[in-house]
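Subject: Handover of a structure

Dear colleague,

I am handing over the structure shown below. Please look through it before reading the notes that come after.

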Amino acid sequence: MRGFLVILFVVLTAYAAQAQTTENWIDEGLSIPEVAVLGEKPMKDIGTQKTSFSESVLKENIALSMADVLTFNSSIFVKTYGRATLSTVSFRGTSPSHTQVSWNGLRINSPMLGMTDFSMIPSYFIDDASLLHGTSSVNDTGGGLGGSIRLSTKPLQAEGFGVQYIQGIGSFRTFDEFLRLTYGSRKWQFSTRAAYSSSPNDFKYRNRDKRENIYDEDKNIIGRYYPIERNRSGAYKDLHILQEISFNAGRGDSFALKAWYINSNRELAMLTTDYGDEGDFDNRQREQTLRSVLEWNHLRQTWKIGAKAGYVYSWTAYDFKRDPGNGTMEVMTRSRSLTNTLFGQVEGEYYIGNKWLFTANLTAHQHFVESRDKNIIRQDGNKAIVGYDQSRVELSGALSAKWRPNERLGLSLVLREEMFGRDFSPIIPAFFTEYELSRRGNIVLKGSVSQNFRFPTLNDLYFLPGGNPDLRKERGWTYDAGVSFAVGRENSFLLSGSASWFDSYVKDWILWLATPKGFLSPRNVKEVHAYGVELKTDLAVAFNRHWKLDASATFSWTPSINEGEPMTEADKSVGKQLPYIPELSATLSARLQWRRWAFHYKWCYYSERYTMSSNDITLTGKLPDYYMSNISLEKGFSFSWADLTLKGCINNLFDEDYISVLSRPMPGINFEIFIGITPKWGKR
Amino acid sequence: MRLFSTYLRLAVLIFLSVFTGCMEWEYGVEEEFSASGSGLFIVNEGNFNYGNATLSYYNPATKEVENEIFYRANAMRLGDVAQSMTLYDGKGWVVVNNSHVIFAINPDTFQEVGRIEGFTSPRYIHFISDEKAYVSQIWDNRIAIVNPKRYEITGYIECPAMTMESGSTEQMVQWGDYLFVNCWSYQNRILKIDTRTDKVVAELEVGIQPTSIVLDRNGKLWTITDGGYEGSPYGYEAPALYRIDAETFSIEKAFRFSRGDAPSEVQLNGSRDRLYWINDDIWAMGVDDEHLPVRPFLEYAGTIYYGLTICPLSGDVYIADAIDYQQPGKIYRYTQTGEKIHEFYAGIIPGAFCWK
């Protein structure tokens, strides 16, 4: 398969090289604005540390999830358990539940677990994505001790019918398909997006965690070797459908409906240390989720109000089955969870001149959760289920005043209050400031400070066994300071960058620990000091009329140190880096464009991660640093009846033997090609 | 164009020098060991689903410990959640629960000599003869019968009133031709198995969740329950230590603890006349005593003790502290009068021991 794909890649690119080009091709992805335009400093973003992802990053190819986008384009560490498997993030050295994630204003962190699985978010479904680092997240929500990620969709703003279809075929019999249908008029915009990905995901790898024995007739071992195995039980089938309808009623009123349906069926791959027979076990997770948001916005010259209402249905199933030898799969573990969430939000903005901006927002999530974790037979012989039914209302409201007394200085104060269940947070203050040091280089100094709280999740409180209703909120202070610049010349080059330092203290950090009865239970145990530096730079250069380069790079240094009391006199974790969080990470993404050709190179680096809280590095607890390189080559064609794109991607270019999590195999070099067609439908 | 060409060369140079680095892995190095004489194997569970279980070896005479001996001797991982280890026929049998395997190792060189595969979720192995052993399991209503000579599963013992999902058999002890096994997870029974027919011949209800079982010198079985947990649909009660007559298979006495206590790890000394267990503190009592002791053998030291064993030769008491379950746990060694002799670090979550 790999050989076939290499040949296909070469043939396609050779064919593309010979193809005729037309002069009316519209180059995509790189237009270099004047620095003065970039230099505009929106009142809403005074003092914030924000990373926005461009459309070309989000829409690089249909096979990418937001986990891939974050891995190669941000300072966030993505902990992935395998290909198309759970991927969580560590933002500024914090845990996955310390990153708040919203989709069109709706918080999509699991109310049970607190975290978000970014492998379940296709980047092609996201039109606008930005990271709010540390304190800046208080502008959007509470609980983002590391930060928040804002994801949203937006109407295409095109008139008439539109169709786009992309087909991807890749290694390990991977198929990705994407279809978008749009219709737009002056007032209405309809968009339907569908993506389907499937793969047996049975990539080969040399398993160096186990050895196969060669026996003689008496079962004596006479030889051993590291087997070449396939990733076992790692198949997946993911379907996503996104429906958007927006209506511009005129006079500043607009309405939009956005509904995103997920149907996922994923096997959970066997560990490298599993000696079980793949055919004897079925370890599978299924999910059906519908997220929907209806929004109304009313815009005026100096003020804006908006309201959103939403509903989330999420059903997840985990089944672990075993064939005991009779040919039928019998259940070993059967877990179900059902979440229904009602969502509402109102927000308003009011400008007084161009010096003051006042904002207010109130967000409500009402969760109804049924968790069914295990079926048992009671002492009286009747069946019973171990689980919990709980509901919780979560309110978050904020008021802010933003003041720009002159063109150089900006000040912003945000006061947020949250209520989860019957538990209120204290007023959460956040203060931001920025000062333009130099207009010529658009050099801006930024600083901010905020307090923050994160409430325990429903599993933290109620999971059976172990849920701890006496948990306290995690709480912390974060300090941010940074500088950014931007220089350039219109249609020639643009260089921008930022450097920021942060210092964050989190107390009452929740950790699940074993109890004397053997099960795990969460406790407020740790105090964590996370600090560090984040660097970011973007470069766009038009060398001449045909050659263009668009590059971005990030670097982060994020010590995340346990500064709590030792749990026992034997505890060696105090003063040590938290496990599974790299101290250093870096990314580079560069897109070189010549006429209708585009070459894209992506690279990321993670330093060694500790697997133990004591930072011991042992033979069995070692996660070495790794570099990862991906490339792609793309060619666009424009015919009178349609635009076509051909794209070939090579992932893990240097066939690195790497892992992100112990005992979870990762694929070596692999390939995928994409063919896209966009009929012109009378737009010739 | 010349400027661009310079940029391109520079870019290629940087690319080749910086971005093509490889990860450093060291594989295939087998270390030679020669650990003759008596010693203690420490089975470190590791974290569930991380495949970082390890095996440690401690020499009580020299007070030297060697960690990760399985990996070092065999150049491969032990697996995911090492549950227990048993010595039989000059081999150490290490049960690795979530790897679905039992490794047989040479107890002196620690090198693998064979393995048995095909289990659902093995917990403990008990040898009936040179050619027959039982393997208890969780998430399976069957005890596997294996041939240790051929490293094969040869059959199963069906356990009554269990499904695959609620199946749980745990530690095993043998009295004559009968084997007794405690059923732990959401269970409350001891099963009696005739080793001649490989059938369950009787069962005895005790309290909720008997966690461990031993057989003393008087032919009495001792099992300790944890009482379940608050909110459990299976029930929640005061745990107890049960004394059961092996011959009549009946409860002679239940020594009650307080509700909320979590006793576990009942162990015997070498002469099988003194019981030890964990209940926050470390407790000890004679097998002929009729009352629970008033004072502990060792007081609670602000940590959750996870494992316990008694040296069959010296009577020294070894206690495992898993600390935060994310770092190498610590082993404390005390004399039988409660004086600390030594302490050392083992692997992640040291949970079981095996004496050589």
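This is a predicted model: local features need pLDDT of at least 70, side-chain atom pairs count only at pLDDT 80 or more; totals for chains, interfaces and linings use all residues.

Residues are numbered from 1 along each chain as its sequence is written, and chains are lettered from A and ligands numbered from 1 in the order in which they are written.

Chain A. This chain holds 5 helices and 37 strands; helices (H or I, at least four residues) and strands (E, at least two) are DSSP runs, numbered from the N terminus. The C-alpha trace of chain A spans about 85 × 65 × 45 Å along its principal axes. In chain A, 44% of the 684 residues are buried, a residue being buried if 20 or more other C-beta atoms lie within 10 Å of its own, exposed if 12 or fewer, and partly exposed in between, with C-beta atoms placed from the backbone. Helix H4 (residues 66–73) of chain A is mostly covered, with 8 of its 8 residues buried; among them are Met66(A), Asp68(A) and Phe72(A).

The interface. On chain B, 63 residues are in contact with 63 residues of chain A, where contact requires C-beta atoms, placed from the backbone, to lie within 7 Å. Helix H2 (69–74), strand E7 (112–117) and strand E25 (328–334) of chain B each supply at least two residues of the side that touches chain A. The largest share of that side, 4 residues, comes from E7(B).

The cores. A nonpolar core is a set of buried Ala, Val, Leu, Ile, Met, Phe, Trp, Tyr and Cys residues joined through C-beta atoms within 7 Å. The largest has 96 residues, and those touching the most other members include Phe41(B), Val94(B) and Tyr276(B). Strand E6 (residues 101–105) of chain B gives the most to this core, with 5 residues. Leaving aside neighbours within four places in sequence, the contacts of Val94(B) include Val43(B), Leu78(B) and Ile102(B). A second, separate core of 64 residues includes Ala63(A), Val69(A), Leu70(A) and Ile121(A).

A loop residue. Asp261(B) lies in the loop between strand E19 (250–256) and strand E20 (264–268) of chain B. Asp261(B) is partly exposed, because 17 other C-beta atoms lie within 10 Å. Not counting residues up to four places away in sequence, Asp261(B) touches Pro239(B) and Asn279(B).

Yours sincerely

Definitions and conventions. Two residues are in contact if their C-beta atoms, placed from the backbone, lie within 7 Å.
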